[in-house]
Amino acid sequence: MGEDLLRLREGDDVAVALRDLRAGERHGGLVLAEDVPRGHKVALRALRADEPVLKYGQHIGVASAPVAAGAHVHTHNLRYDDTAPRRTAPAPPPPTATPHEMSYFNGYVRPNGRVGTRNHIGILTSVNCSATVARLVAQRFQDHEGIDGVVALTHNTGCGLADDGEGLAILRRTLDGYAAHPNFGAILMLGLGCEVNQPTTDIPTMTIQELGGTRKTVDAATRAVEELLPDVARARRTRVPASELILGLQCGGSDGYSGLTANPALGVAADLLVAQGGTAVLGETPEIYGAEHLLAERAADPRVAARLMERVAWWREYVAAHGGSMDHNPSPGNREGGITTILEKSLGAVTKGGSTPLTAVYEYAERVEAKGLVFMDTPGYDPVSATGMVAGGANVICFTTGRGSVYGCRPVPSAKLATSSELFRRMAGDMDLDCGPVADGRADLETVGRQIFDLVLRVASGEPTRSEELGFGAEEFVPWQLGAVM
């Protein structure tokens, strides 16, 4: 199509504008009927009303009105329709990711054999009522040699919920996952004392009511952390194989470039990690909706495919029960960036998972034990999704963004990958890698995917991400909250 208009798959009805295009411009035999912003879609042929439209070789919706060749295709003439027949184009063979040699990183090998990429002391809270006390304790510890920090991870729940429901089970699973995470050298739990979420594990726990109030609890918890510091600071990094990495695959603030550059390049990196014997975790179930069949076709066995489809069906019913639609997922920013329907967004998002077989499907915050590409059922809301992945054991996160997310995570480093060079320049202080060269032909997906994989190894070995340098990570701990607040 030329350097300014990209057709993703033979048989697609639309192409993506790689710069702002003007009415009257000629691209091959196509004349632009109107202005089209960068990242948005152009009709490659005339489309009838109610005709299914293909992008990525897959159905992304139907024309809501007749569309002329060369016209801008977006919310004004393309609508979500999950009932229309799914018209698809033949898929090309997936690329083969072959690692050049065995890869290693320098990590913290814990006594139980799990490997961390950071060395924090964590202060978890059983309930929101103890959040301020936990923060007051963490504030007393800054820049201690030998550790990456003392971090208070607080949340907005823990009481006012059923004591035997799914909401409490998810919260406990999340907290237990963080307490056991290898990026923590030690953990302390702070509670109020009377909350529904009574700690049920052997995590060292203090309660404000038992200790006699805020000041006494802060002093007692401070002494407890001081006692933990020497042992945690003695930990040293050692050389371990890349197979010990569990990589969380996240996207947020997506745009029309996400499915062209950063997401598929991250998919290449995920394939490289899996080839090394490592694990990549794909999630955000509402953002694979409409592309779940592509993952199911790659399932290692029928039970894995069935479990994936069960989770997608749960989300369809869950959203409908609250009077919503799966197509409510694309945000105003997503749409401004060129994404029109959830089907289109999902087809771009699923490319983060690369091309290797899907080996397992996990519930939110469930411990990830399988190797290879796995799926975790998480919401699309970035901090909630990433919290579940970290609880499951992810020790590095790669986060692709087109609009410009500033997300960070503790205790796990999160590297942000810009979908365009323009974003990388504009938000250079927040972005860790520029995937834009894929769009303008300066690099191919395999080259940028290798760059991401190398970045993952460096970050896992201790290289700070932009979000770590900026101090992000404590406020972004957001467990998924289900059920009534009472």
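Biologist: Which way do the residues of S21 point, and are they buried or exposed?

Modeller: Strands are DSSP runs of E, at least two residues long, numbered from the N terminus. Buried means under 20% relative accessible area, exposed over 50%, and partly exposed in between (1.4 Å probe, protein chains only). In S21, Val-396, Cys-398 and Thr-400 point one way, while Ile-397, Phe-399 and Thr-401 point the other way. All are buried. Strand S21, residues 396-401, is thus described as mostly covered, with 6 of its 6 residues buried.

Biologist: What should I know about the model and its numbering?

Modeller: The model is predicted: local features need pLDDT of at least 70 and side-chain atom pairs count only at pLDDT 80 or more, whereas totals for chains, interfaces and linings use all residues. Residues are numbered from 1 along each chain as its sequence is written, and side-chain values use heavy atoms, with hydrogens and water left out.

Biologist: Which strands pair with S21, and in what sense?

Modeller: Two strands pair if DSSP finds at least two bridges between them. Strand S17 (residues 246-251) pairs with S21 in the parallel sense over 5 bridges, and Leu-249 has Cys-398 in S21 as its bridge partner. S21 also pairs in the parallel sense with strand S22 (residues 414-418), over 5 bridges. There, Thr-401 stands opposite Ala-418 in S22.

Biologist: What is the order of strands in the open sheet of 3 strands?

Modeller: The order is S11-S10-S16, with antiparallel pairing. Strands S11 (115-116) and S16 (238-241) are the edge strands, each pairing on one side only. Strand S10 (residues 104-109) pairs with S16 over 4 bridges in the antiparallel sense, and Tyr-104 stands opposite Pro-241 in S16.
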